[in-house]
Structures are given as C-alpha cells and as structure tokens.
Amino acid sequence: MTLALPSRQAVQEGIVRLRTAALPFARRWRKELLVALAMLLTLVAPFLLRPAQSTAPSRYDRRLVIMTPHHDRIRDEFARAFAAHWKKKTGETLYIDWRVPGGTSDIAMFLKSEYAAAFQHYWTGKLGKSWSADVAGAFHSNRIAMPVDAKAPRTPAQEAREAFLASDIGIGVDLFFGGGAYDYIQQADAGVLVSGSGKTNAGLAMLRVRHPEWFSEQVIPESVGGEPYRDKDFRWAGTCLSSFGIVFNRDVLRRLGVEKDPSQWEDLADPRLMGQVALADPTKSGSVTKAFEMIIQQQMQREIEHLKKNPGKIRSAAETEMEGVKRGWESGMKLIQRITANARYFTDSSTKIPLEVARGDAAAGMSIDFYGRSAEEEVRRPDGSSRVGFVTPVGGTSIGVDPIGLLRGAPEPELAMAFMEFVLGDEGRKLWAYRAKVAGGPARSALRRQPVRMDFYSDNNLP
C-alpha cells in the first residue's frame, strides 16, 4: 500500500491557515502569555546568571562542611586556597561545603535545634529512654551540677547531660568558623564545641601538641585587655582580630548639614541623622550586639573616671566603681535609645550596613572594621580620596577575635583539624593580611584582616 504525500502547495496553505488561526489566540491571550513568559524568565534567570566559576567541584574525593557567618569573599578565598593546598599535599579533590544560615545568633539557634534533634534520636533510639522537657532542657546546659560520687544516682537531667558529653553525636557539620568569642564560649559551655573528636585524636588540643609555640602567651594569649582570645581547654581559638566602629558616607553627611566626620558613638545620635543610621538587629547580629556592649562599657568607664575626680560623698574605690557602673549603664542605654531613634532599619545581617552606606542609602552605621574598610577601599578614587570612611571610636571599642572550633561529632575531624592548622598557619595568615594578587595573598580582593598570631607582625611581613 502506497501513501499519498501532500503536495508542497498544500503544505504551504496549511501553514498559512495555522498562522491565521493563531493570531486571534495571541491577541486574546496576550496578557496571559506575557505573564507566563515572565514566570519562565524568572525560573531560568538564576541558571543563566550564575557565576562562571564556583568553589564546588563537579567531582570530589572528600567534603568539609563549615558553619559560618563570614561573607562570600572570605569563604571563596579560603575555599580556593585550602582546596589547592590539600590537592598539592594529598592529591585529593576537596569540596568546602559552606553553610550560612545567617548571623551568629541564627547559627546558635540552628546548632541548638539540630543537636536537640540528634540527641533525642540517640536518647530514645540507642539508649531506649523516654524523652521529656527536663531532658530536652538539660543535655546542653552547663548549669546541670553533677554529683561528686560517680556511683551516686542521677536525675534524668543529670543523666542526659552526662550522656551528651560522653557521646559523639553530630549534625553533619565539621567546623564553626567566624563570629565572636561570646558565641564560642556559649557553644563550648553547652558541649557543642569540643577540643578533640571521639573518633580520632584530631582537634585543637592535638594541634596544640603539634604546634605548642602557637598557643603560648607570646603568640596567641588566652586573653588581652579582658577580651578572650582562646579557650583554656582548646575547644576554640581566635584566628584574626576584629574591632567595631562607624562606617559613614561623607556625601550624605554633607547633604544633611553635618560638616564633621563622626568620631564617637554619640555622633550617631545627632538629630540631623534621623532615618539615616543603618543598624542590625542585635538578636540576629553578634557584631552589633558587641557594638552596643562597647557603648555601655565606654559610658561606664567615663562615669567611673568622673567620680574619681568628683567623688562627692563616695569614699572607697569599690563604691566608686559600683556607682560608676550603675550610672554608666543608664547613660549607655539612653545613648543606644537615641541612636536607634535615628535608625533607617534593623537588618538581620551586619554585612548589609556598609553596602547601604556606600550606595548613599544611609549616612552612617555600626560596622565591623574590615567591612567598613573594605567599603571605603571599593569606592576609593584615583587620587586616594573616598566618599566612604570608617572610624574606630577612641575609648569606645576593643580588639576581639573571630574564632574557629571543632563541632561535636564532626564527620571529617582530621580534615577539620587540617583546615584549622591552615587558617592559623602561614598560608592562612597571608590570606587574612596580604594584598590581593601578591604571592600568598588573596586571588581576587584583599580581606583586610589582622591575624591573631603575634609572631606574624615582623619585618618579613611588612607591606
């Protein structure tokens, strides 16, 4: 049987009829088609606009999972450098899997939730015990007092706390990297950060054995000026230094009639800055929480110094300090209220503040030093001037650290220790401090951080 094929003329006439029939449909449903096209573009755009380069390899031999509040520049530089270092050392392709749930406060809530779920599974599954509110609230609490007698009976709360500290329960994350010392103290006290892994000897405690000179008082002291720099039990250690100050836009300030650059926290309370101060939510951002703490401490110190010069009826040094702390707390809280009255918004992330200030959407804001200085450098003119500035209030800040620590139940404890060794070692210190595109420095942009190790500051590392 032979099929009769349509002629060329019949095919052309059919195409014309289809086009003619489609025109009324297109006219009638034009708006709907435009909406559908816009939705399709929204779905496709992230794939079309994604970066040509990524720190995630298509194939890898091992994966290191790191929880961090650090911004993408720090993550990209350390992922690239450590992966290259590990490849050269072992021949293995490494994937650094960054987890960024938000600021340090968000990370703290995430860790608490995940470890609670993991411990509940362990408690009810492996140990076969019943779950209760007492157990849920006790396993990660350092306030649970354990009996002196090892054979004495335990309450459910004590039993839960003991079981958690003796376990190697994990949440699939190896390291906590970046943030403030306060958050690390909290996680160490809870038992989330550990000095070593139960599976191996890997951890900061072993790193101390390998490099005892790093953890001496001359290199990484336990504390400086009241700020903790490392944990005495080696559950965490500082990697680089950080301070807090004011990032500001000179053009916006001049437009508002402010001729002088800010120099103290009180300058953010200027009524002319109403609606122009960028702030972060202290319940979300550990850095802004620390800045508020610095404001209160500065006011306390000022009141104490004032009372020493004008003691009035106060006689003893203890009474002077007590009264100064009381008055300083009150004046500090009033200053914070005046500053927040000028707030443009309260963002969840402190990284947004210098970006808003640099764009001119805000006149000034509280910022970590390297965020502020990076914003200043990015808009620097050829003559060296910049519309963005950063200042650390004299007497109104302190030098703290950004730490790193091993999480309980880390899937790759030895690899995690190698990363900590890299960050604290020569390679990591150069990444923190060197200019971009110089030998040993960052590949793309300077991180503008100061390494915590004091032995770095020598003639060999001068710019």
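H10 gives the most to the lining of the largest pocket, contributing 10 residues. Helices here (H or I, at least four residues) and strands (E, at least two) are DSSP runs, numbered from the N terminus. The model is a predicted one, in which local features need pLDDT of at least 70 and side-chain atom pairs count only at pLDDT 80 or more, while totals for chains, interfaces and linings use all residues. Residues are numbered from 1 along each chain as its sequence is written, and side-chain values use heavy atoms, with hydrogens and water left out.

The largest pocket has 47 lining residues, and those nearest its centre are Gly180, Phe244, Gly286, Ser287 and Lys290. Two or more lining residues come from each of helix H4 (104–126), helix H7 (181–190), strand E6 (227–228), helix H10 (286–309), helix H13 (369–378) and strand E13 (400–407). The volume of this pocket is about 860 Å³. A pocket is an open set of points, on a 1 Å grid over the protein atoms alone, with protein on both sides within 12 Å along at least five of seven lines; a cavity is a set of points where a 1.4 Å probe fits but cannot get out; lining residues have an atom within 4 Å of a point. Grid points are joined across faces, edges and corners, and a volume is the space filled by probe spheres set on the points. By class, the pocket lining comprises 13 nonpolar, 25 polar and nine charged residues. In this classification Ala, Val, Leu, Ile, Met, Phe, Trp, Tyr, Cys and Pro are nonpolar, Asp, Glu, Lys and Arg are charged, and the others, Gly among them, are polar.

The count of cavities of 30 Å³ or more comes to one. The largest cavity holds about 50 Å³ of space. Its lining consists of Phe244, Gly245, Ser287, Val288, Ala291, Ser350, Met366, Ser367, Ile368 and Tyr371. The cavity lining has six nonpolar, four polar and no charged residues.

Attention now turns to helix packing. The axes of helix H3 (residues 72–90) and helix H15 (residues 426–433) come within 11 Å and cross at roughly 150 degrees. H3 is therefore roughly antiparallel to H15. Axes are lines fitted to C-alpha atoms, for helices over the stretch in contact, and angles run from 0 to 180 degrees between N-to-C directions. Angles under 35 degrees count as roughly parallel, over 145 as roughly antiparallel, 65 to 115 as roughly perpendicular and the rest as oblique. Ile74, Glu77, Phe78, Arg80, Ala81 and His85 in H3 are in contact (heavy atoms within 4.5 Å) with Glu427, Gly428, Leu431 and Trp432 in H15. These contact residues divide into five nonpolar, two polar and three charged.

H3 also packs against H14, at an angle of about 115 degrees and with the axes 11 Å apart, so the two helices are roughly perpendicular to each other. Phe78, Ala81, Phe82, His85 and Trp86 of H3 make this contact with Leu415, Ala418, Phe419, Phe422 and Val423 of H14. Nine of the residues are nonpolar, one is polar and none is charged.

Finally, the axes of helix H14 (residues 413–424) and H15 come within 4 Å and cross at roughly 55 degrees, which means that H14 is oblique to H15.
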